[in-house]
Amino acid sequence: MTVKLARYRRDNGPALLGIVTDAGLVGIAAHLPDAPGDMVDLIGAWTDWKEPLAQLTAVPHDDALADVELLAPIARPGKILGIGLNYADHVAESGMEKPADQMWFAKMGTTANGPFAPIPLPRVSTALDYEAELVIVVGRPAKHVATTDAPAHIFGYCVGNDVSVRDWQLRTSQFTIGKSFDGHAPFGPWIVTADELDPSGLVIGCTVNGEQRQKSNTHNLVFDCADQIAFLSQAMTLEPGDILFTGTPGGVGAAMKPPQFLKAGDVVRVEIEGIGAIENRVEPEA
């Protein structure tokens, strides 16, 4: 059974974990006080808590979604990794060849941001761009994992926006700095567990101020989710709570003629079939 796990708070209070139902939020601590209160700990202990938590989907909700602030499902992931040029249409608009090998970069932990929190517009750049992405949440340690075994290491999926500062991204041969400005990895709005969700055929899209900019399907991934887990695990141990941005379709602002970069006040919405949507307003960096 697929479960939606959220991290949220009421009235600027402490972060809480909850189960998202059609009616609202069921607080985990209120019904299962012995359950882990940290999302990474809960993911690591999922085998023990899966059934009791699934039963909470039938419990009357404690809060309406409109009455709480949804936070990044994982406050500070141990690893935030992103893959480049992983949709054929994005490869084409970039004017580059389809990669023979996976092209990975890191996003620093301070990029993690809430699903409805502001996206900071940097003081040092006007080349702010969006990238709608399916996000993998790792569930079990993975090292030297075969592609056929990789799905068992995926805990669930989120909607993400790999916000990119294009001039900083392209000023060096490595993308990390341009991908790592504070707050430039909003994701959520919750984690949908992988039990009954097939990631290979989900409609994915992005709008800016209501205008459709990106529209594709995850079956267009060059390297699918299992390929990505298997490849990365040859180099590093993927751990519970690590998140992987799986690539963006064509339609990014940098590829438009002329380029259409984000400005203060723009509202970026990313939506993925079967998971949900995140929506973030661009605001000048404090």
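Select Asp41 to begin: this residue is partly exposed, with a relative accessible area of 47%. On this scale, buried means under 20% relative accessible area, exposed means over 50%, and partly exposed lies in between (1.4 Å probe, protein chains only). The model is predicted, so local features need pLDDT of at least 70 and side-chain atom pairs count only at pLDDT 80 or more, while totals for chains, interfaces and linings use all residues. Residues are numbered from 1 along each chain as its sequence is written, and side-chain values use heavy atoms, with hydrogens and water left out.

Asp41 belongs to helix α2 (residues 39-44). Helices (H or I, at least four residues) and strands (E, at least two) are DSSP runs, numbered from the N terminus.

**Salt bridges**

The whole structure holds 14 salt bridges, each being a side-chain nitrogen of Lys or Arg within 4 Å of a carboxyl oxygen of Asp or Glu. Select Asp242 and Lys79, whose closest N and O atoms are 3.0 Å apart in a salt bridge. Asp242 lies in the loop between α6 (225-233) and β16 (243-245) and Lys79 in the loop between β4 (69-70) and β5 (80-84), so the pair ties together parts that are 163 residues apart in sequence. Asp242 is buried at 1% relative accessible area, and Lys79 also counts as buried, at 18%.

Proceed to Lys107 and Asp162, a salt bridge with its closest N and O atoms 2.6 Å apart. Lys107 sits in strand β6 (residues 103-107) and Asp162 in the loop between β11 (154-161) and β12 (164-165), so this pair connects parts 55 residues apart in sequence. Both Lys107 and Asp162 are buried. To display the network of salt bridges around them, select Lys107, Asp129, Glu131, Asp162, Arg166 and Lys179.

**Strand β14 and its partners**

Next, select strand β14 (residues 203-208): five of its six residues are buried, so the strand is largely enclosed by the rest of the structure. Two strands pair if DSSP finds at least two bridges between them. Six bridges join β14 to the antiparallel strand β15 (residues 211-217), where Lys215 stands opposite Gly205. Within the hairpin of β14 and β15, two residues lie between the strands, and Asn209 takes a positive phi near 55 degrees.

Strand β17 (residues 267-272) pairs with β14 in the antiparallel sense over five bridges. Here Gly205 stands opposite Glu271. Finally, select Glu271 with Arg269: they form a salt bridge, the closest N and O atoms being 3.7 Å apart. Glu271 is partly exposed at 41% relative accessible area, and Arg269 is partly exposed at 31%.
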